[in-house]
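These are my notebook entries on a structure that I examined element by element. The sequence and the coordinates come first, and the entries follow.

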Amino acid sequence: MDITSLKAWEMKEKLLNKEISSKDIVEAHIKKIEETEPNINAFITLNKEEALNTADAVDKKLRNNEDVGVLAGLPIGIKDNIVTKGMRTTCASKMLENFMPPYDATVIEKIKNSDGIIIGKTNMDEFAMGGSTETSYFGATKNPVDPNRVPGGSSGGSAAAVSANEVPLALGTDTGGSVRQPASYCGVVGLKPTYGMISRYGVVSMANTLDQVGILGRGVKDAVLMLNAIAGHDRKDSTSSTRSNSAVFIDNDKENINLLEGLRVALPKEYVELGTSNKKIQTLFDEAVKVFERQGSKIDFISIPHLKYALETYYIIMTSEVSSNLARFDGIRYGHRAENYNTLDELYTNSRTEGFGEEVKRRIMIGTYSLSAGYAEEHYKKALKVRTLIKQDYDNAFIDHDVILSLTSTILPFEFNSIINDPVEMYKSDLYTVPINVAGLCSISIPMGKVDGLPVGLQITGDRFMEKNIIKAALGYERAVL
Amino acid sequence: MITKDDVLHIADIAMLKFTEEEIDVFTEKFAQVIGFVDTIKEVNTEDVEPTFMVSDEAGELKDYEENETLLREEVLQNTVEQQYGYFKIIKVVE
């Protein structure tokens with residue numbers, strides 16, 4: 001039996017039945033990582049020794065018949081913008097190349113308290129800015145499905161590690177699709193919970209009103225396992241919600257129950273009009289909708305009128321927040337400090353100019369421009385008002401519907417260094433994931449088949465704090481097609 | 001019309017330096033942002049309140065309580081230069 005090909009919940013079951021030990025699980029994954037990493041480069045930092053020690057501790061608990069946590073014995077990959085005490089956290093940037101956090105993020109504390117085993121820090125686009133993991137200071141990650149192609153991004157390392165069986169579960173972060181799009185490209189499940197569902201304490205902010213920690217796994221049930229471990233209100237994060245404490249993720253997990261029956265499914269007509277130029281992707285989506293229909297879901301066409309402004313709105317808000325959040329990197333307290341400077345201002349400017357990569361600097365500049373005197377009202381404030389309208393559109397859609405179905409991305413994972421020449425297609429490729437963050441909704445991408453041998457994701461979106469609806473739909477679909 | 005001086009001014013605020021070529025690219029990028037702004041300008045937002053945060057919960061007040069904080073050594077462990085238990089920078093006041 002190859003332990004690494006099991007689902008997380010299967011590993012846990014075998015562990016609790018004493019068929020395998022936690023040490024067996026960790027050793028099998030370390031072996032897999034050693035074989036796979038030279039070709040994939042999903043990790044920036046590995047934590048093998050500590051992982052084996054933690055596995056021993058979990059095994060000891062089990063031998064003594066002590067209670068173990070929900071993630072007992074499971075090796076977990078953590079995106080490298082989530083701080084881990086005593087374990088380098090780089091954000092895939094030269095700026096934080098040697099940053100050693102003195103504390104754990106709340107999600108890391110929760111994983112440790114649940115007996116999960118952190119096996120390493122995964123690669124990403126620098127400061128989570130990008131959709132291909134090509135902007136990492138530590139080199140690009142390759143897509144395990146086809147190593148000539150990108151894994152998506154920015155959580156490309158986490159998605160690739162899960163897809164290549166290097167870990168059963170990983171954490172990512174999602175600001176405009178950075179968990180769902182790489183999940184789609186690597187053929188795994190990617191869950192972005194509602195804004196406020198998971199604490200952001202210790203998560204390096206990119207755009208703080210859009211960022212949310214997300215989960216990558218090889219099945220819906222595995223993602224839910226992790227969600228149960230890390231969700232919940234945190235007093236250290238004033239934007240985390242008390243509503244997250246009472247959220248129920250699965251009402252009924254009996255395998256013989258048809259979870260799709262009576263589900264109220266909405267299809268935004270704006271997406272239908274937009275479509276994708278790839279007919280094969282469209283066909284897969286149409287078939288997925290038919291699965292819901294056959295299983296007794298009620299399909300409705302709806303309108304999200306302000307959807308067509310979502311990308312522009314996102315772009316203005318995101319870059320503005322980026323410029324503000326990345327102002328903390330000044331070369332004084334942590335991060336890269338330039339060697340040559342004559343004044344304090346030069347210390348700041350030279351450290352930032354040397355420490356940040358091209359894409360990061362580009363977004364800081366655009367955000368600074370949007371927030372600069374004379375433009376803030378016209379650019380940033382206007383975008384925030386349109387955000388209200390987009391949010392209201394979704395609020396209306398969810399009055400009579402449980403979930404919205406769409407593609408995750410309109411394009412297939414592309415080859416390295418390939419510039420997508422069709423600007424319209426590039427624009428459309430983000431249009432399905434970005435509005436979800438603007439409105440703070442929950443959303444999950446699950447595999448719905450392959451086109452030309454490459455994975456394609458189905459995106460299921462739900463109202464704020466209604467994770468149970470998207471999980472129900474995703475589990476129901478997964479069971480119907482498997 | 002966005003001038004080179006405008007871009008230099010923004011770079012100054014953002015505390016970043018660029019080569020001549022990079023500055024030229026930004027004049028184009030900024031023009032693109034203005035295009036985005038023009039697109040959303042057509043939306044009628046009269047009487048619409050801005051959404052800073054999607055959450056409708058008011059922030060909560062914390063009771064005052066003593067908490068453990070990071071140790072001084074932990075706070076200083078990531079700086080490049082330190083002296084007498086402080087971050088060291090260059091002399092800014094004569």
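Predicted model: local features only at pLDDT ≥ 70, side-chain atom pairs only at ≥ 80, totals over all residues.

I took helices (H or I, at least four residues) and strands (E, at least two) as DSSP runs, numbered from the N terminus. Residues are numbered from 1 along each chain as its sequence is written, and chains are lettered from A and ligands numbered from 1 in the order in which they are written.

**Entry 1: backbone of chain A**

I looked up the peptide bond between A:Gly153 and A:Ser154 and found it to be cis, with omega about 10°. A:Ser154 belongs to the loop between β3 (117-122) and α5 (156-163) of chain A.

I next turned to A:Asn165, which sits in the loop between α5 and β4 (169-174) of chain A. Its phi is near 60°, a positive value in a residue other than glycine. For burial I counted other C-beta atoms within 10 Å of a residue's own, with C-beta atoms placed from the backbone: 20 or more is buried, 12 or fewer is exposed, and in between is partly exposed. A:Asn165 counts as partly exposed because it has 19 C-beta neighbours inside 10 Å.

**Entry 2: A:Leu15**

Is A:Leu15 buried or exposed? A:Leu15 is buried, since 23 other C-beta atoms lie within 10 Å. I located A:Leu15 in helix α1 (residues 8-16) of chain A. I treated two residues as in contact if their C-beta atoms, placed from the backbone, lie within 7 Å. Not counting residues up to four places away in sequence, A:Leu15 touches A:Ile20, A:Ser22, A:Ile25, A:Ala72 and A:Gly73. I also checked A:Leu15 against A:Leu62: they are 47 residues apart along the chain, and their C-alpha atoms are separated by 8.9 Å.

**Entry 3: helix pairs in chain A**

I fitted axes as lines to C-alpha atoms, for helices over the stretch in contact, and took angles from 0 to 180 degrees between N-to-C directions. Angles under 35 degrees count as roughly parallel, over 145 as roughly antiparallel, 65 to 115 as roughly perpendicular and the rest as oblique.

The axes of helix α2 (residues 22-40) and helix α3 (residues 48-63) of chain A come within 8 Å and cross at roughly 160°. α2(A) and α3(A) are therefore roughly antiparallel to each other. To the contact, α2(A) brings A:Ser22, A:Lys23, A:Val26 and A:Ile30, and α3(A) brings residues including A:Lys48, A:Ala51, A:Leu52 and A:Ala55. I sorted residues into nonpolar (Ala, Val, Leu, Ile, Met, Phe, Trp, Tyr, Cys and Pro), charged (Asp, Glu, Lys and Arg) and polar (the others, Gly among them). The contact of α2(A) with α3(A) has 6 nonpolar, 1 polar and 4 charged residues.

For helix α7 (residues 220-230) and helix α16 (residues 467-481) of chain A, the axes come within 9 Å and cross at roughly 155°. α7(A) and α16(A) are therefore roughly antiparallel to each other. I listed A:Val220, A:Lys221, A:Val224 and A:Leu227 on α7(A), facing A:Glu467, A:Ile471, A:Ala474, A:Leu475 and A:Glu478 on α16(A). That contact of α7(A) with α16(A) divides into 6 nonpolar, no polar and 3 charged residues.

**Entry 4: helix lengths**

The expected span of a helix is 1.5 Å times one less than its number of residues. Among the buried residues of α13(A) I noted A:Tyr380, A:Leu384, A:Arg387 and A:Asp393.

The 16 residues of α10(A) (residues 310-325) should span 22 Å, and the end C-alpha atoms are 22 Å apart, in agreement. α10(A) is mostly covered, with 14 of its 16 residues buried.

**Entry 5: chain B**

I found that the contact between the chains takes 39 residues from chain B and 52 residues from chain A. On the side of chain B that touches chain A, α1 (4-14) and α2 (20-41) of chain B each give two or more residues. The largest share of that side, 9 residues, comes from α2(B). By class, the side of chain B that touches chain A holds 24 nonpolar, 8 polar and 7 charged residues.

B:Asp47 is in the loop between α2 and α3 of chain B, and its phi is near 65°, a positive value in a residue other than glycine. B:Asp47 is exposed, with 6 other C-beta atoms within 10 Å.

B:Tyr64 lies in the loop between α2 and α3 (72-76) of chain B. B:Tyr64 is exposed, with 6 other C-beta atoms within 10 Å. I recorded B:Tyr64 and B:Gly85 as 21 residues apart in sequence and 27 Å apart in space, C-alpha to C-alpha.
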